[in-house]
Amino acid sequence: MSIAACAGGPDAQRARERHDVHSFARPDQVRVTHVVLNLLLDFDKKEVRGAATLSLARADLSAPLVLDAMGLVIEEVTPGSNNEFIHGLSRTTCPFTLGPPQPNLGQAVIISLPPEADYDTVCVTYRSAPNAAALQWLAPEQTHDQVAPFLYTQGQAILTRSWIPLQDSPGVRVTYSASVRAPAGLTVLMSAQAKGRHADGAFLFEMDKPVPPYLIALACGKLAFSPIGERCGVWAEPGLLARAARELEDTERMLLACEGVFGLYRWGRYDVLVLPPAFPFGGMENPTLTFATPTILAGDKSLVGLIAHELAHSWSGNLVSNATWRDFWLNEGFTVFLENRIMEVVYGEDRAAMELLLGLEELEGELKVLPPSDQVLHIDLAGRNPDDNMTAVPYEKGAAFLHRLQQVFGRPTFDAFLHSYFDAHAFTSITTADFLAYLDQNLLRADPGKAAQVDVARWVRAPGLPSDVVRPSHPAFAELEGKRQHWLAGSLSTADLGAAAWITQLWLRFLNGLPEQVDHSKLAELDAAYGLTTSGNSEIFVAWAVIALRNGIAAVDAPVEQFLLNVGRRKYLKPLYETLAKTPSGKARAQAIYHKARPRYHAVAVRTLDELLQDKGV
Ligand code: BES
Ligand code: ZN
């Protein structure tokens, strides 16, 4: 691979690669290094308010401090010093201005600092907007137990700025501590080490490892805890706790599996918080405390690959983070790769191979519809919302690239490479160029013959899927293919499919491979035999519901509506609404359901669905 010659030399090139187009901050001039939060959660006003005290590293004493904010009301900024002895009580306020609001990004907060070097902290007093994008305030009815309200935050990608004023770029890592007050009876959790309670009742936290701001997370509700291992446990509403703990009982084994290959787990505890169903994602890898959707609780551990994924982020994503959102594939592609390895160790080669194939097929499906510029790992996101890059490309194409490297260099060599990669970059944020340089020096150079077998530049910078993609086959999938054909042709009866014994991954493969139009009576028979409409497995239910809606199986109508009103996971909402909206009458139904459900969805899901369902002033 050749690195293109660039104006300004390698340093300028490096600086350009690290520049984050999704942040107003100028960390090269003044950088936030530590945050002390002192917050109150006001459920009545739907407002987080208090103060963020920011420690600064000032490379340029004449430069202002620039923060990111989205909808925050900044009340006051006061300068401070870690050397209080010098400045004593002679505090004034720091003048600040707000930049013009920009779509997706919010606005800059530009704070003038006194020129003296020992002014190295500022205290920002602020409150969040009631519609802050990172915050979802849930009414008791939206929770499992329906007895108390609930609040959680979602920082990734650029939403932390809607509840904390800071330099919201994944390249600007911070340590932090927090003191958070909440209504009596509610528990506050953060993605940090819990430090007990203050005498005034505040919950105390500390994160002593530098983390990117998108990983600062908080949740508050009526919560209970169940240990499931030495370092692992589950938090959930009391009525859901036993079910959640059973489903996730293998988490410690997953942790050991990942440590065994990629190096020690460096975050202390690993707990999972099972959120109410409005959570717009499957999971979010908040350090020490993964946030997860309750839709993974299938009862048979068939969907715990998601926990393997979020856990794997403790290495790829949290220990080594993408420096900008262009480099998102470094987080997700590596994590899908690690996730599959964990699944192989804990649940065996069969399950891992099936999940790998499902991922590859999902990618191939998406590559058919994505514009070429969105099929590139090192994607250009200037002027766009980083959320637009949440496609199978960074995830599955990223992982496929690593599978190809593993195939060429062999597993033991590639394992050792990844292990050393995590160690060498621990607690830093890196760019695609940083990774490629490390790859070149630590893997490719040692064996030019092998290196010549992987067109790295093509994998990283070109659209589509290179022809050397590793395409494992699985006998059960091949057999299933045959059965599906015979069943569709009428030469195999529904009973003879033998589907009662199918694991979830076989069902998904079977359903995903059905043509758009399937004979109505066949589908009705399948449903009658295997209870798909009443499936408690969210993946199977959604895959089935899409087919059933498309083919006019009326039995799914009511359960689909129920599901859409209850579940806020975007991955499910999108195909369901999309399929409904394909016919004029279906579109009217979709809009009616959406109208009711919209106030219950998180802002990130609303953004996607508004685009899908609202007529744009035609
Ligand atoms: N970090 C992501 C979730 C995310 C990505 C949130 C980008 C906001 C912006 C998380 O690790 C993830 O990938 N979750 C997936 C599940 C996973 C098994 C592929 C999800 O939520 O669907
Ligand atoms: Zn992920």
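At what angle do the axes of α5 and α6 cross? Roughly 125°, and the two axes come within 8 Å. Angles from 65 to 115 degrees would count as roughly perpendicular, and those over 145 as roughly antiparallel. So α5 is oblique to α6. The crossing of these two helices is right-handed. Keep in mind that this is a predicted model.

Now to ligand 1. Where does its shell come from? Three elements each supply at least two residues: β18 (283-284), α5 (305-312) and α6 (328-347). The largest share comes from α5, with three residues.

Next, the residues themselves. There are 15 around ligand 1. The nearest are Q156, G282, E285, E310 and Y395. By class, the shell has six nonpolar residues, six polar ones and three charged ones.

Start with E285, one of the nearest residues. An N or O atom in the E285 side chain is 2.6 Å from a nitrogen atom of ligand 1. Then take E332. An N or O atom in the E332 side chain lies 3.1 Å from a nitrogen atom of the ligand. H309 faces another kind of atom: a polar atom of the H309 side chain is 3.2 Å from an oxygen atom of ligand 1.

How much of ligand 1 does the protein bury? Taken alone, ligand 1 exposes 520 Å². The protein buries 88% of that.

Definitions and conventions:
Residues numbered from 1 in each chain as written. Chains lettered and ligands numbered in written order. Predicted model: local features only at pLDDT ≥ 70, side-chain atom pairs only at ≥ 80, totals over all residues. Heavy atoms only, no water. Near = heavy atom within 4 Å. Polar contact = N/O pair within 3.5 Å; in protein donor to acceptor, adjacent residues only side chain to side chain. Areas by Shrake-Rupley, 256 points an atom, 1.4 Å probe, with all protein chains shown as cover. Helix = DSSP H or I, 4+ residues; strand = E, 2+ residues; numbered from the N terminus. Nonpolar A, V, L, I, M, F, W, Y, C, P; charged D, E, K, R; others polar. Axes fitted to C-alpha atoms, helices over the stretch in contact; angles between N-to-C directions. Parallel < 35°, antiparallel > 145°, perpendicular 65-115°, else oblique. Left-handed = near helix turned anticlockwise from the far one by under 90°.
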